[in-house]
Amino acid sequence: VVLSTLSFLGGTGVEAQTYEPTWESLDSRPIPEWFEDAKFGIFIHWGVYSVPAWIRVTEGRYASYAEWYYARVMGELKGAEDFHEKTFGPDFEYRDFGPMFKAELFDPELWADLFAEAGAKYVVLTSKHHDGYCLWPTKSPFKEDWNSMAVGPGRDLVGDLTEAVRAQGLRMGLYYSMIEWETNRTGRTESGRFIPQEAMDRYGIPLDRYVDDHVIPQLKELVNDYQPAVIFSDAGEWDEDEDFWKTKEFLAWLYNHAPNKDEVVVNDRWAKGMVGQHGDYYSSEYQDLEGVGAEHPWEESRGMGRSYGYNRAENIDHYRTSKELVHELIDVVSRGGNLLLNVGPTADGRIPVIMQQRLRDIGSWLRINGEAIYGTRAWKPAGGDLAEGELTNLRFTRKGPDLYAHVLEWPEGEIRIPGLGSPVGPDRGRGPDRPEGISVELLGFEGPIGWKVEGRSLIIDPPLMSPSQAPSPYAYVFKIGSALP
């Protein structure tokens, strides 16, 4: 009995607990360590909205999401926009895009190869967005004619990509929208709905059956059939509370009975009042969640431009450069988070070349500097504010006793890092300027690095080098070995 019990407890420790449908019990679950170590994932917004693939690019957060075509270009949020009527005609319904979403060039192995080359550790695919279209052959009776096997590609897109991603050694996750525009009303618009009432009358699911007979069965179906390592729930927090969605009951089932219960992690967008309060990790979108930090696992998601779904209206000026994306990765990780960077494939299944190029550039940087990202934790110098003075060009991560100083722009002079504490000081054995045990190197550079200690600050003298010796573009990482207790 003792040996059997020890064997049962010998995994991650997550499976040793039985969880009750209360926040006190659910919040006591330790997050599987893989998530905090992964640091970099790929988000994929792909579906019927990838056919029109258009929204006018405007200023403001959330304003240019092409995956919102149904609501913002055709529906209650369109304002004076007439793009849809001019392009497709006034009688063209959103569901008429379904047969046009063919994914005929979709190559899941090619996608997975690219994500691995980018240095990502996990992938999250939109299994169902707010339009209700499902990227798998769901058993829900309400989606018999609105899924990727029945209309459009004629294949299980979730299953095909899951297999390819796992073959690359990456973890596979799924996004799931709790609401559907065709069913759920909202307090976010004056009319109380996102799309015209006629479409809701034609396609909506009876509200008294929506959660028990559709949402919960679909979530369990995805868990049992595909075992996602991440469940990124969305929009549950907009209008309805945890009792409506039966959030605690589902999470207790997930933590106790999922086939991969010791691996799966969930975010905080399941119900109203849950954001930033409950969930294995908190979700920030284009930096909209304030107060996130190293105290609780969190994740920043964003597109390479201003949209998640592919937007034909975007041009090169709307996309972040590779350097800017590397800097965002560094910044998020230095604050204790993960970066979930989105790609928006085309309706025929291609990842746009500009997105491929950005991912390859990030991967090239990570191949040299990945040890300063993966498996690290946040570190902030005592008495040093990263937003002021000489530290604005620096971000820090740590792994055990080693400290990594990320330099966003090549410095013109010395780098001074304050607040390293007692391990850096005259009590380490070789005098105040070069304490014993400390080492400094520039990742990807073979030559020696000059450094010294003054008081409680470590000072690095960046090396002179030719352009051919520069280890990597975008940012530079100095590894300070054995610097921390």
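Predicted model: local features only at pLDDT ≥ 70, side-chain atom pairs only at ≥ 80, totals over all residues.

Trainee: Okay, which strands stand at the edges of the open sheet of 5 strands?

Mentor: Start with the order, which reads β9-β10-β11-β16-β13, with antiparallel pairing. A strand at the edge has a single partner strand, so one side of it is left without a neighbour in the sheet. Here the edge strands are β9 (377-378) and β13 (439-442).

Trainee: And over how many bridges do β10 and β11 pair?

Mentor: Look at residues 394-399 for β10 and residues 402-407 for β11. Leu-394 stands opposite Val-407 in β11. The two strands pair in the antiparallel sense, and the count of bridges is 6.

Trainee: Which helix lies across β9, β10 and β11?

Mentor: Check residues 322-334. The helix there runs at about 55° to β10, and its name is α12.

Trainee: Now the helices: is α6 oblique or roughly parallel to α7?

Mentor: Two packed helices are described by the angle between their axes and the distance between the axes. For α6 (residues 108-117) and α7 (residues 157-167), the axes are 8 Å apart and the angle is about 40°. Angles under 35 degrees count as roughly parallel, so this angle makes α6 oblique to α7.

Trainee: How many residues of that contact are nonpolar?

Mentor: On the α6 side you'll find Pro-108, Glu-109, Trp-111 and Ala-112, and on the α7 side Asp-160, Leu-161, Ala-164 and Val-165. Of these, 2 are charged and none polar, and the nonpolar count is 6.

Notes
Residues numbered from 1 in each chain as written. Heavy atoms only, no water. Axes fitted to C-alpha atoms, helices over the stretch in contact; angles between N-to-C directions. Helix = DSSP H or I, 4+ residues; strand = E, 2+ residues; numbered from the N terminus. Parallel < 35°, antiparallel > 145°, perpendicular 65-115°, else oblique. Contact = heavy atoms within 4.5 Å. Nonpolar A, V, L, I, M, F, W, Y, C, P; charged D, E, K, R; others polar. Pairing = 2+ DSSP bridges.
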